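Please examine the sequence and the structure below. The paragraphs that follow lead through strand pairing, aromatic contacts and charged pairs.

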Amino acid sequence: MANIIIIGAGPAGVSAALYTARAGIQTTILTNGKGALQKTEKIENYYGFAQPISGPELEQVGLAGAVRLGVEVKQTEVLGITFEEKLVVQTTSGNFPADSVLLATGSSRTTPRIPGIRELEGHGVSYCAVCDAFFYRGKSVAVLGNSDYALHEALELLPVAGSVTLLTDGLPPSVEVPEQIQTDLRKIAAIRGTEQVEAVEFSEGDPLLADGIFVAYGVAGSTDLAKKIGAVTDGNRIVVDERMATNIPGLYAAGDCTGGLLQISKAVYEGAKAGTEMIQYIRKLK
């Protein structure tokens, strides 16, 4: 049976799911339960509500409607997307193969306020291990983060780099780190380098010499996931065409991650458009 995986349980993802489920396509929403609506106290500029509604309440009502139509909702953290015989979404709960995938996890990308990070982006500071590991063959690299996502990036680098160090910036690791990956728990003071990353400086002790720094704080956002499979991005925005399709067959994006007006109404429209286009894509496959 054909199936669709939607990454994100916000307005864009749920809107798409309503269409794909009604078309009789097996639809699964993957969510980590930390969408932008969870932080919204009152919404009073969205059609259909005489009184303001809270973000969490709107999200709950939206998801309930999708579940009523047969959409499966799974709580998990998405780590990456690959292509084998079909698209495969990698998560902390295992792999989910799909005929089509929608990226709808918003636009956030966690960049720590560490001196040197932004200045050296593209000059040794990277946000995608799959994309840039090749450039660090045999070299010393470090991954910034302490979660499943950071470990996933470190494991991607391990077969290629000369050495891999997980930098937790003063936080304890929330995952079990294999012995092949070094762990440094010290607080980071700065990333040093002139034209290229050279070292990581800490609030105490000697610096760590490094050729590359991979930022993997928190969880992977939509643009992070898009880059891993080779989808075109523009800054913090996923590039899509008028059908909400990326350059990767079967991979779509909708909502804040495509840029433009960061509003619920825009996300709902793009989710509906993506959902209808994904239906047509799958029907052509079959």
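Two strands pair if DSSP finds at least two bridges between them; strands (E, at least two residues) and helices (H or I, at least four) are DSSP runs, numbered from the N terminus. This is a predicted model, in which local features need pLDDT of at least 70 and side-chain atom pairs count only at pLDDT 80 or more, while totals for chains, interfaces and linings use all residues. Residues are numbered from 1 along each chain as its sequence is written, and side-chain values use heavy atoms, with hydrogens and water left out.

An open sheet is formed by 3 strands in the order S12-S13-S14, with antiparallel pairing. Its edge strands, S12 (188–193) and S14 (208–209), each pair on one side only. Strand S13 (residues 197–202) runs antiparallel to S12 and is joined to it by 5 bridges; Glu201 in S13 is the bridge partner of Ala190.

Strand S1 (residues 3–7) is joined to S7 by 4 parallel bridges, with Ile4 opposite Ser100. S7 also pairs in the parallel sense with strand S18 (residues 251–253) over 3 bridges, where Val101 has Leu251 as its bridge partner. Both faces of S7 are covered: Ser100 and Leu102 on one side, and Val101 and Leu103 on the other, are all buried. Buried means under 20% relative accessible area, exposed over 50%, and partly exposed in between (1.4 Å probe, protein chains only).

Aromatic rings of Phe, Tyr and Trp (its six-membered ring) pair if their centres lie within 6.5 Å; planes under 30 degrees apart count as stacked, over 60 as edge-to-face and the rest as tilted. By this rule there are 4 aromatic pairs. One of them, Tyr136 with Phe214, is edge-to-face, at 5.5 Å centre to centre and 75 degrees between the planes. The two residues are 78 residues apart, Tyr136 lying in the loop between helix H3 (129–132) and strand S9 (140–144) and Phe214 in strand S15 (residues 212–215). Tyr136 is buried at 9% relative accessibility, and Phe214 is buried at 0%.

The structure holds 11 salt bridges, each a side-chain nitrogen of Lys or Arg within 4 Å of a carboxyl oxygen of Asp or Glu. In one of them, the closest N and O atoms of Lys228 and Glu153 are 2.4 Å apart. Lys228 lies in helix H5 (residues 222–229) and Glu153 in helix H4 (residues 148–157), so the pair ties together parts 75 residues apart in sequence. Lys228 is buried at 8% relative accessibility, as is Glu153 at 1%.
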